[in-house]
Every structure is written in structure tokens, then in C-alpha cells.
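Biologist: Before I rely on any of the labels attached to this model, I would like each one set against its definition.

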Amino acid sequence: MNLLRACLLLWLLVGKLAWAGGAPAVLDDHRKGLSLGSTGQLLWLVDDLGTLTIDDVRAAATDARFGPPPRMPLRGATPAYHWFKVVLEQRAASGDWVLATQTTSLQDVRFYGPFDASGTALAPPVHTGLAQPFATRPLGSERYLMRLQPPGPGTYTVYARLYSETAPSFDLSVWDTAEYLQWRQHKRLFDGICYGILIALLVYNLTLVGIFRDTTYTFYVGQCIFALLTLATFNGHTAHYLWGNAPWWQERSYFVLPSLWLFFGALFTRSFLDTRQTPLMDGVLVAIGLLAALTAVLGGLGQFAIAQTQNELLASAGIAAASLAAILVLRRGFTPARWYLGAQALLFVTVAGVVLSNWKVIDAPFMLANGLQIGVAAEMVVFAVALSTRIDSLNASQIALRLRADHLAKAATTDPLTGLTNRMGLTQGATQLLSEGGTHALLLLDLDRFKPINDTYGHDAGDEVLRAVATRLQTHTRSGDIVARLGGDEFVVMLAHAPAGDALTALVKHLELAICQPVDFQHQELCVGVSTGVAHSPQDGPTLTELMRCADQRMYQAKQAHKDAAQHPAAPALPLA
């Protein structure tokens, strides 16, 4: 055990000496950017109390405390100030360089130097960070940087003091200024493409929200808005273009916006996957959404370390819960869940690439700089595809509902025995017909000698007669006329634009003759008669109620005339009205 401890101490000592005595970074050899943390040319000192000044740091006793930064990324989870020292060598007669941070989420950033070999500072200090207005950032850069313009060949030392409660890592890189500005333009172009994709999806789905009025699209729009704002915040663009003069909100936006993104993401997942079918997973997603909302409040109150930790935990738990919920609903036959799982997989792969690059496991600077927004843009695109499958589902559901509604509406206005319009349908149709104006006629027909058929042959025979009468009435009327059964053995024919005088009388006789034809039932010929009352519109009334009253009176007169004729065959029949 003692031998092991001695070896470990020796390894640490050798490593410290190697770092402390390492050669300076040659600027001329790395015009397109050099990550100092990955080359062993960055020295680190932690100031827990934040009391050290630049003079303290440059003093021999403190300077000797500088050593190699930890192998893993430095977390800003504790309120400590991290000092970095870098020695740079310029071999050309002149140069223009920038020393830049890797992240934009630093609350306080101070650069000192460069100091020449005699210890003279060649430029004033730079003080910037999220707690300062955006105008304090040199060259208008989203990342924090110091411009270095050494007057000639030589070795120069630069110090940086970085502070953040939550930054994922601290690292510095050095660039030729022209190359850095060109890289920045390329980065902006790529960022703009990602933003454009998200904005296009946002506008498209806002349109769908207006069309479908579906909460799933509303939650997707919320998720898209806060994903876009979160990416723009992490890239420094919101501070540059939206709230550069509001340091208070610059700091808090790094925590509030991701929390709201998680909040709407949980709501979207619940709605899209309809996780109410799986109560346990639904409860987990509800809890994640509520905790995300609480985290947004904590971020707004300035509890940055807690908010950052909760955001990371909720993001991890949310991906796991959403993926499990998608698998469960997919097993129940909800096929759009496949697209959801694909979107989560894309985001997971890109985030994993960012993490591995950040931990120096893989060397992928492009992935480190752009992986998150690539993953988010890809995820939102796949979600949009998944929602398009939901459109098909909604359309199918709407068609089915419409057909069901039409079926119910027709059933409500249809006589189930004969298929004719019933009393409700007659009221609706006649009201519409009468409102159009013109001359119409209402025929009220009541069957004679129908009850003996029911009594003698049964209700099946009576039903057969009623169906036959219905068929004959439909056969001998026009498509624009209304044929209805009021119930029992009463029928109504509403003639649109009815003929006048003798033509109408002939039509009534023709209908009566058709009705009186025998009906074959189980090899029995069943015969009924009919009494008809006729009312004219608008002469006898402008409404269905008045026409029915008038036709009923005349039908009663006709029925009495038929009875008299049956009792006294020689008596003349009453003319039809």
C-alpha cells in the first residue's frame, strides 16, 4: 500500500513538473486555432474565496502553485474562481491573435496581459461575462476573448480569471484574429441554418395549431420556441441581438429557457404519446414537467447551481421516461411512436458526441461546437414528421366522426321501418322548402282498412303493407319532393312546386291508385284504401303547422265520404279539395 501511494505521488509530481516546465505555445504554428487545454500548455489555479488579484497571482509564491488542470472537465458547481496561465511565443515580427473561451456561460471573465518578458502589461485588462453588458465583449464576439497584438518576436504570458457556478468546462483556445473571425462567420452560417429549420417548423406548426386546434401542436410549438431560444442563448446570440443590455436576464436565461424547454417537452410527450394509457409513465412525465417549471422559477430567483443540476437530471430522466413511454405505446399499436423513438435516438447520439468531445475521449471540435443544435434540429424535424402522421390520424378520425354524425343525423330524421323521412325530418325539410317561396302542396294520406290486416294477419303483415306503400309513394314522386311517415298508417307527401288544378287532382288519384294495389304477403293479397287531404301553400298557410291542420281537416272529410260511400253506394262522393 505504501509503495502504491509513493508511486501515485511520484506520478503527480512528475506530471506537475512536466506541465509547469512545458514549452510555450507557438502562435505562428496554430493560426487556425489551438485548444490549450488539450495540448498541456494551460496552467490552472483555483481561488476558492475570489480574493486573489492579478498582482497576487503573478507573485512568485502564488505563481508556483499553478499546475495542470484536472483531466476531466472542470465543473463550476462550486462558487470558485479559476485562474489560468498560458505562455505564448510569437516568432514573427508582428501578430494579431485572440485568446478565447470555449463556452459562453461564464458569469465573470477577466483577461490580463499580455505580459512581456520584463513583466510589463501590453494591453489593459478585459472585464466581461454574463454579468456585464454585451458591449464589454471585444470584437462583438459571442464567446469571451482577449485580443493579443504582440509588438514583436518573444514570449508573452496571459492570465485569465473565469467564474461560473454552472459552466460545463473551462478551456481556452488561441487563434489568429482573421482566422477566428472567418471561423466565427462559418459558425454563424451553420447556426443560421439550424435556426432557420426550427423557425420554419415553428411557423408551419403554428399554422397547424390554427387549423386543428389540437393541444399537441400547441405543446410542440412551445417546445420549438424554447429549444430555439435555448440554442441561441448557449451560442451567445440572444445576448448579442435580443437582451445584450440586460445582464440580469442574460445570466438567468441560461437556466430558465432550458427549463421551459423541458416543461413543454414533457407536455408534448404526454399529449403525442397519449400516456394516459400508461398511468405510471404518465405520472413520471407530469412530475418532470412540474419540476421543470419549478426549476425555471429557481433559475429566475438566481439559484443557478441548483437549477443547472435539476435541468441536467430532468433532461436525463425525461429522455429515459419518454423513450420507455414510447416503447410501451408502440407495443399497444401506436405506430407514430417509432418516429418519436427515432427523434430521441438522434438527440441522444449527438449529445453523447458533445459529452465525449468535452471529456476529450474523442477529438471532434465540430461536434463539440455544433452537436447540440444538430441534435435538436434533427429531433424537431423528426417530431414534425411524427406529427404529420398524426395529421393523417386526425383526418381519419374526423372523417369517421363526420360519417358517424351524418349517420346519426340521418337516423334521427328517418323512419326505421320504411326508410322514409320521419316527423322531425319532415319539419326540417318542409321548413326549408317553404322558405324558398313558390307554390307547394301538402298531401296527408291515411290508410283505410289497415287495422283489420294487423288484427287478422299480424303485425308482420301490417309492416309489409307499410313498406310497400312507402315504396310506391317514392316511386311516383320526384326527387325534390318530401315523402314522410308520421307514424302508424299516416303518410305525408310535400310536393315542391306542385302543379295546379286538374293536374294536381290527377296526381293525387294516381298516388291513391298505386297505394290501393294488392300487397302480396305469404301468398295472400292484402288490400288497403287511402283517404287524402290536400293543402296548398301559400293559400292555406305559409307554415307546415297550418298546412298540416288544413290537410288533416280535408283528409277527415275524405275519410267520412269513403265511409258514407261504403254504407250508401248510390251516394255521390265528396270531391277532393
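This is a predicted model: local features need pLDDT of at least 70, side-chain atom pairs count only at pLDDT 80 or more; totals for chains, interfaces and linings use all residues.

Biologist: Why is Thr278 called buried?

Modeller: Buried means under 20% relative accessible area, with exposed over 50% and partly exposed in between (1.4 Å probe, protein chains only). Thr278 has a relative accessible area of 7%, and is therefore buried. Thr278 lies in the loop between helix H7 (247-273) and helix H8 (279-300), and, not counting residues up to four places away in sequence, touches Leu328 and Arg332, where contact means heavy atoms within 4.5 Å. Across the protein, buried residues make up 46% of the 577 residues.

Biologist: What makes E12 and E16 edge strands?

Modeller: Strand E12 (482-487) and strand E16 (529-537) each pair on one side only, in an open, antiparallel sheet of four strands with the order E12-E13-E11-E16. The twist of this sheet averages 20° from one strand to the next.

Biologist: How do you know that E12 and E13 pair?

Modeller: Two strands pair if DSSP finds at least two bridges between them, and five bridges join E12 to strand E13 (residues 490-495), the two running antiparallel. Arg485 has Phe491 as its bridge partner in E13, and Gly487 stands opposite Glu490 in E13. E12 and E13 form a hairpin with two residues between them, and Gly488 in the turn has a positive phi of about 60°. E11 also pairs with E13 in the antiparallel sense, over six bridges, with Val493 of E13 as the bridge partner of Leu443.

Biologist: Why is E13 described as largely enclosed by the rest of the structure?

Modeller: Five of the six residues of E13 are buried, so E13 is largely enclosed by the rest of the structure.

Biologist: What makes H14 and H15 roughly antiparallel?

Modeller: Helix H14 (residues 459-475) and helix H15 (residues 502-515) pack at an angle of about 150°, with their axes 9 Å apart. Axes are lines fitted to C-alpha atoms, for helices over the stretch in contact, and angles run from 0 to 180 degrees between N-to-C directions. Angles under 35 degrees count as roughly parallel, over 145 as roughly antiparallel, 65 to 115 as roughly perpendicular and the rest as oblique. H14 and H15 are therefore roughly antiparallel to each other. Their contact is made by Val469, Arg472 and Leu473 of H14 and by Leu511, Ala514 and Ile515 of H15.

Biologist: Which strands form the other open sheet, and which helix lies across some of them?

Modeller: Four strands form an open sheet in the order E2-E10-E5-E8, with antiparallel pairing, and strand E5 (residues 97-101) is joined to E8 by four bridges. Helix H4 (residues 177-212) lies across E5, E8 and strand E10 (172-176), running at about 105° to E10.

Technical notes. Residues are numbered from 1 along each chain as its sequence is written. Side-chain values use heavy atoms; hydrogens and water are left out.
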